[in-house]
Amino acid sequence: MEPRFTFLTLGVDDLERSLKFYRDGLGLATNGIVGQEFEYGAVVFFDFEGGMKLALYSRDNLAHDAQTARTSPSPTEFSIGHLVSSREQVDAIMEQAKRAGAKIVKTAQDAFWGGYHGYFQDPDGHLWEIAWNPNEPVAAS
């Protein structure tokens with residue numbers, strides 16, 4: 001196996017609500033919900049840099065597709081990290097997420113490792129860390 005990710009699929013409770021959060025609230029481009037003609041197929045895709053895709057899939061459909069039992073969600077299973085080019089960009093994205101309906105669980109602040117970061121949860125409780133790391137430059141977008 002090569003060390004890369006192609007898709008990150010998030011199980012969500014309400015596909016329309018999550019679509020609105022990510023598309024309308026965070027400004028991510030998408031073709032909307034696709035695959036609705038299939039019984040367990042409705043999904044949303046967002047294209048990220050480097051060929052990565054973020055997918056939103058209902059928790060029930062994800063459990064069905066993986067042939068596993070649906071379990072209770074836990075925000076501490078993993079976090080999604082988004083590295084940005086400045087402290088100001090951390091603040092701007094955290095504010096954008098808040099306006100979109102995210103729950104801010106850790107306000108942006110200096111980090112023990114020398115950077116600046118904060119955490120928010122999307123409408124389904126998925127944990128996002130928005131961070132600036134002076135030791136890992138990111139080109140401004």
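View 1. With a relative accessibility of 17%, Ser58 counts as buried, where buried means under 20% relative accessible area, exposed over 50%, and partly exposed in between, using a 1.4 Å probe and protein chains only. This is a predicted model, in which local features need pLDDT of at least 70 and side-chain atom pairs count only at pLDDT 80 or more, while totals for chains, interfaces and linings use all residues. Residues are numbered from 1 along each chain as its sequence is written, and side-chain values use heavy atoms, with hydrogens and water left out. Ser58 belongs to strand S4, strands (E, at least two residues) and helices (H or I, at least four) being DSSP runs numbered from the N terminus. A polar atom of the Ser58 side chain lies 2.9 Å from the backbone nitrogen of Asn61.

**View 2. The open sheet with the order S1-S4-S3-S2.** This sheet has 4 strands with mixed pairing, two strands being paired if DSSP finds at least two bridges between them. Strand S1 (7-12) and strand S2 (30-34) are its edge strands, each pairing on one side only. Neighbouring strands of the sheet are turned against each other by 20° on average, direction ignored; axes here are lines fitted to C-alpha atoms, for helices over the stretch in contact, and angles run from 0 to 180 degrees between N-to-C directions. Strand S3 (residues 43-47) pairs with S2 in the antiparallel sense over 3 bridges, and Val34 stands opposite Val43 in S3. Helix H2 (residues 59-66) lies across S1 and strand S4 (53-58), running at about 95° to S4, where contact means heavy atoms within 4.5 Å.

**View 3. Glu77 in the loop between H2 and strand S5 (79-84).** Glu77 is exposed, with a relative accessible area of 61%.

**View 4. The open sheet with the order S5-S8-S7-S6.** This sheet also has 4 strands and mixed pairing. S5 and strand S6 (103-110) stand at its edges with a single partner strand each, so one side of each is left without a neighbour in the sheet. From one strand to the next, the twist averages 15°. S5 and strand S8 (residues 127-132) run parallel and are joined by 6 bridges, with Leu83 standing opposite Ala131 in S8. Helix H3 (residues 87-100) lies across S5, S6, strand S7 (116-121) and S8, and runs at about 10° to S7.

Conventions. A polar contact is a pair of N or O atoms within 3.5 Å; within protein, one must be able to donate a hydrogen and the other to accept it, and residues adjacent in sequence count only if both atoms are side-chain atoms.
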